[in-house]
Each structure stands twice: as structure tokens, then as C-alpha cells.
Amino acid sequence: MGNYLNPDNSKFQEALNSDIYVDKTGLIRYTNSVLHTLQKNICVSRPRRFGKSMAANMLTAYYSKGCDSKELFSNLKIAKDTDFEKYLNKYDTIFLNMQEFLSRSKEIGQVIDRVRRMLLRELKNSYPDVDYFDDTDLVESLQDIYAATKQSFIIIIDEWDCVFREYQQDKKAQEEYLDFLRDFLKDKVYVALAYLTGI
């Protein structure tokens with residue numbers, strides 16, 4: 001269990017503990033149906049306060065190998081689904097809140113570098129026996145892990161578009177960030193599901 005790789009389910013537990021909770025676990029039925037398909041890349045754009053982060057935390061709690069969430073979901077709609085346990089806590093799950101990385105960086109190169117370094121540290125701790133071709137390259141390291149283990153990843157990115165709000169006039173920064181995301185997610189065999197939220 002890490003901060004970014006296979007986080008626990010505590011954020012979703014907080015949502016369930018709250019006075020107002022709306023069961024959105026029907027979304028899990030949909031994401032399960034598109035795992036390992038050409039429809040596995042999902043981007044959810046909604047105005048603020050529509051529960052985007054809560055849904056991202058819910059998916060993390062459901063898929064992450066870093067926790068046991070059976071009891072957490074037991075009274076929710078998804079528990080009645082025939083595939084409920086088939087995917088429950090079965091995936092290496094990467095959860096990134098890009099606002100967090102942006103707030104600790106002065107320019108886009110630092111944002112991207114921080115994401116890479118943080119993920120690589122946790123990946124190498126979880127998979128120390130993999131023969132990495134270049135253990136400083138995030139994409140190659142994920143490919144090496146997949147080649148060695150056939151483990152695919154659920155990748156959840158909350159606030160993916162915060163870079164565009166911060167760098168509204170900086171097209172070069174926007175392009176550099178999009179290039180990073182494209183290289184990280186597009187046509188990668190290690191991606192079982194990519195779920196991004198933004199406004």
C-alpha cells in the first residue's frame with residue numbers, strides 16, 4: 001500500500017461517513033464492463049461540486065489491491081451485481097490528484113518530474129525483482145512490470161485539467177503536459193482502465 005500506488009480506502013470511507021452520501025456505485029458496473037476494451041479510457045468533465053473526486057475515490061477503493069473493501073461496499077448497489085467480487089481489490093491502482101503535484105511545483109517540468117519520481121519509487125518498492133531496462137523512465141518501467149508479471153493497472157487521475165487553469169496562456173506547458181499524459185496512457189498494454197476527472 002502506498003500514497004499513489006494501491007492506496008487504501010479511507011477517502012471513500014469518509015464519503016460514506018458523511019451526512020449526505022449518494023450511492024454512485026452504478027458507475028462501477030460500467031467501468032467493469034469496459035476493462036481491457038477500446039473503451040477503457042474515460043474522461044469525466046463536470047462543474048465543481050458534482051462528486052467527481054468522490055467517484056474517483058470510490059473507484060480507487062473498489063479496485064485497489066491496497067485494501068479490503070468488501071464490507072465498505074456491502075450495503076451499496078454494486079454489491080448486488082454478479083461481477084461485484086470478480087474485480088474487487090484485484091488491480092494495481094494508481095491514484096493521482098494533479099492539483100497536489102501542481103501546488104508543489106513552480107513549472108510544468110517539475111510537475112511531471114515529481115509525478116514520475118513518486119510513482120517510480122512506489123513501483124520499485126512493490127516490484128523490486130523486475131529487471132528494469134531504465135528505472136528512471138516511468139512508462140518503460142510500467143511496461144517492464146507488465147512484461148514480467150502480466151499485471152495491468154487501473155489509473156485514476158483527479159483534477160487532470162488543473163494544469164490548463166494554472167497555465168492558461170502557456171501553450172508550451174500545456175503541450176508538454178499533454179505529451180506526458182499521451183505517453184503515459186495511450187495504447188499502453190499495462191492500462192486496464194484510465195479514469196480522469198476535470199471541470
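Helices (H or I, at least four residues) and strands (E, at least two) are taken here as DSSP runs, numbered from the N terminus.

**Entry 1. The model**

I am working from a predicted model, in which local features need pLDDT of at least 70, side-chain atom pairs count only at pLDDT 80 or more, and totals for chains, interfaces and linings use all residues. Residues are numbered from 1 along each chain as its sequence is written, and side-chain values use heavy atoms, with hydrogens and water left out. I looked up pLDDT (the predictor's confidence in each residue, from 0 to 100). The chain has a mean of 94, with 97% of its residues at 70 or more.

**Entry 2. Cys67**

I found Cys67 in the loop between helix H3 (52-63) and helix H4 (70-73). Is Cys67 buried or exposed? I use buried for under 20% relative accessible area, exposed for over 50%, and partly exposed in between (1.4 Å probe, protein chains only). Cys67 counts as buried because its relative accessibility is 15%. For contacts I took heavy atoms within 4.5 Å. Leaving out residues up to four places away in sequence, Cys67 touches Pro7, Asp8, Asn9, Ala61 and Asn89. I also checked Phe50: it is 17 residues from Cys67 in sequence and 26 Å from it in space, C-alpha to C-alpha.

**Entry 3. The sheet**

I counted two strands as paired if DSSP finds at least two bridges between them. Four strands form an open sheet in the order S1-S4-S3-S2, with parallel pairing. Strand S1 (41-45) and S2 are the edges; each has a single partner strand, so one side of each lacks a neighbour in the sheet. Angles are between N-to-C directions, from 0 to 180 degrees, with axes as lines fitted to C-alpha atoms (for helices, over the stretch in contact). On average, neighbouring strands of this sheet are turned by 10° against each other, direction ignored.

Six bridges pair S2 with S3, and Phe95 has Ile156 as its bridge partner in S3. S3 and S4 are joined by five bridges; Ile154 is partnered by Leu193 of S4, and Ile155 by Ala194 of S4.

Which way do the side chains of S3 point? Phe153, Ile155 and Ile157 point one way, Ile154, Ile156 and Asp158 the other, and all are buried. In a regular strand the side chains alternate between the two faces of the sheet. Beyond its neighbours within four places in sequence, Ile155 contacts Ile94, Phe184, Leu185, Tyr190, Val191, Leu193, Ala194 and Tyr195. H10 lies across S2, S3 and S4, at about 160° to S3.

**Entry 4. Cores**

A nonpolar core here is a set of buried Ala, Val, Leu, Ile, Met, Phe, Trp, Tyr and Cys residues joined through side-chain atoms within 4.5 Å. The largest has 40 residues, and Leu96, Met98, Phe153, Ile155, Ile157, Phe184 and Tyr190 touch the most other members. H7 gives the largest share of this core, eight residues. I noted a second, separate core of 29 residues, with Met54, Ala55, Ala61 and Leu76 among them.

**Entry 5. H3**

H3 is mostly covered, with 11 of its 12 residues buried; Met54, Ala55 and Ala61 are among them. From first C-alpha to last, H3 reaches 17 Å, close to the 16 Å expected at 1.5 Å a residue (1.5 Å times one less than its number of residues).
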